[in-house]
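Here is a short briefing on a ligand site and on some backbone features around it. Please keep the structure open while reading.

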Amino acid sequence: MTLPAAIVWDESNLQLRLLDQRQLPETTCYLDITSLDDACQAISTLSVRGAPAIGIAAAYALIVCAKQAPADELNQVIETAGTALKAARPTAVNLAWAVNRLLAVSRAGGGLEALAREAQTIHEQDRQICRAIGNAGRRLITPGCRVLTHCNAGALAVSELGTATAPMYLSHQDGIRFKVFADETRPLLQGARLTAWELDQAGIDVTLICDNAAASLIAQGEIDLVLVGTDRVTANGDVVNKIGTLNLAVLCHHYRIPFYVACPSSTFDPDTPTGADVPIEQRSADEVTGGRAADVKALNPAFDVTPAALVTGLVTDLGLLDYASENPLGPLLTGQPKHPD
Ligand code: MRU
């Protein structure tokens, strides 16, 4: 793949650069992250975005902060920076998960080197996890099938391959030909600017649609499968993902087509009982009005909750977890692969 990496870590100098995804696809440019403020700003403005990617970026940002800290203040700096980074975006559990991994190293007395190793381990594990998700989901991408996806759960949202897109990339490499329809994903157009672009770069047959075209395409029998990513799966199996995902799940239920959600096991949050307990990020009204209706009120929730009852299954690094099976989330609780590949 020729895609620019979302996160670039210079191991020798402990320097972090993040692809500024707000500029894509027109411009490929990187932001140098040299402070906590830079990192929080990059995360909250969506220069770096996608649940796994913000976790990896936050882990490296902690190293950038730690590098500048006097040795006797290292722990305190990590604690303070960790709190600020977690607050930069509240919905994706991967952000807190990654920060907590570094906090655990720091609390156990690990110094800068140990912290940097942990951040790189998180990054490397993400690569392996995406490949495992791809392998688990391969069987969903059959020759000639037509897949609809929403937002960007692609390579730009992780280390590489993506989550929802991983089965697509691996199947495409295997010579299987299929079609992808990408919702443009109002208001920030991650589907149009990122998903359609990255799949097209990879030579995958992708067609961009307006979000509100999905219903009629599905009703006309033009879609065989909906496959999306997620920012958090709660203990009861509810799925929190980009606003508009719930619309698709309701449509899939009505028209009886499968609705699958791809995610790393780190996106499972057993400590949060249901989707109703997840903080939903509310973003600026300007993103909706685009300055065109300055005096009009606008609501801009960034995510919605799809009840577990509407989900066919999860495509995870631990295998394909079918919600109709007995105890589908069991492998996520025990960390055991359900269908080892
Ligand atoms: O607001 P974004 O662009 O960070 O939203 C991203 C999504 O909703 C993705 O589907 C999700 O984070 C999964 S990324 C593998």
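A polar contact is a pair of N or O atoms within 3.5 Å. The model is predicted. The points below start at the ligand and then turn to the loops.

- Gln-190 uses its side chain, where an N or O atom is 2.9 Å from an oxygen atom of the ligand.
- On its own, the ligand has 410 Å² of accessible area, and the protein covers 100% of it.

**Shell and cavity**

- The ligand is surrounded by 19 residues.
- The closest of them are Arg-49, Ala-51, Arg-89, Asn-241 and Lys-242.
- Sorted by class, the shell holds 8 nonpolar, 7 polar and 4 charged residues.
- At least two shell residues come from helix 2 (51-67), and at least two come from strand 9 (239-242).
- The largest cavity is the space taken by the ligand.

**Cis peptide bonds**

- The bond from Leu-24 to Pro-25 is cis, and its omega is near 0°.
- Pro-25 belongs to the loop between strand 2 and strand 3.
- A cis bond also runs from Arg-186 to Pro-187, again with omega near 0°.
- Pro-187 sits in the loop between strand 5 (179-183) and helix 7 (190-201).

- Leu-14 has phi near 50°, a positive value in a residue other than glycine.
- Its place is the loop between strand 1 (7-10) and strand 2.
- Leu-14 counts as buried because its relative accessibility is 15%, and the cut-off for buried is under 20%.
- Leu-46 has phi near 70°, also positive and also in a residue other than glycine.
- Leu-46 is part of the loop between helix 1 (36-44) and helix 2.
- With 6% relative accessibility, Leu-46 therefore counts as buried.

**An exposed loop residue**

- Glu-26 is found in the loop between strand 2 (15-19) and strand 3 (30-33).
- Glu-26 counts as exposed because its relative accessibility is 69%, and exposed means over 50%.
- Glu-26 and Val-305 are 279 residues apart along the chain, and their C-alpha atoms are separated by 32 Å.

Terms used: Residues numbered from 1 in each chain as written. Predicted model: local features only at pLDDT ≥ 70, side-chain atom pairs only at ≥ 80, totals over all residues. Heavy atoms only, no water. Helix = DSSP H or I, 4+ residues; strand = E, 2+ residues; numbered from the N terminus. Buried < 20%, exposed > 50% of the residue type's maximum accessible area, 1.4 Å probe, protein only. Near = heavy atom within 4 Å. Polar contact = N/O pair within 3.5 Å; in protein donor to acceptor, adjacent residues only side chain to side chain. Areas by Shrake-Rupley, 256 points an atom, 1.4 Å probe, with all protein chains shown as cover. 1 Å grid on protein atoms, 1.4 Å probe; cavity = no way out; pocket = protein on both sides within 12 Å on 5 of 7 lines; lining within 4 Å. Sits in = over half its atoms within 2 Å of the grid points. Nonpolar A, V, L, I, M, F, W, Y, C, P; charged D, E, K, R; others polar.
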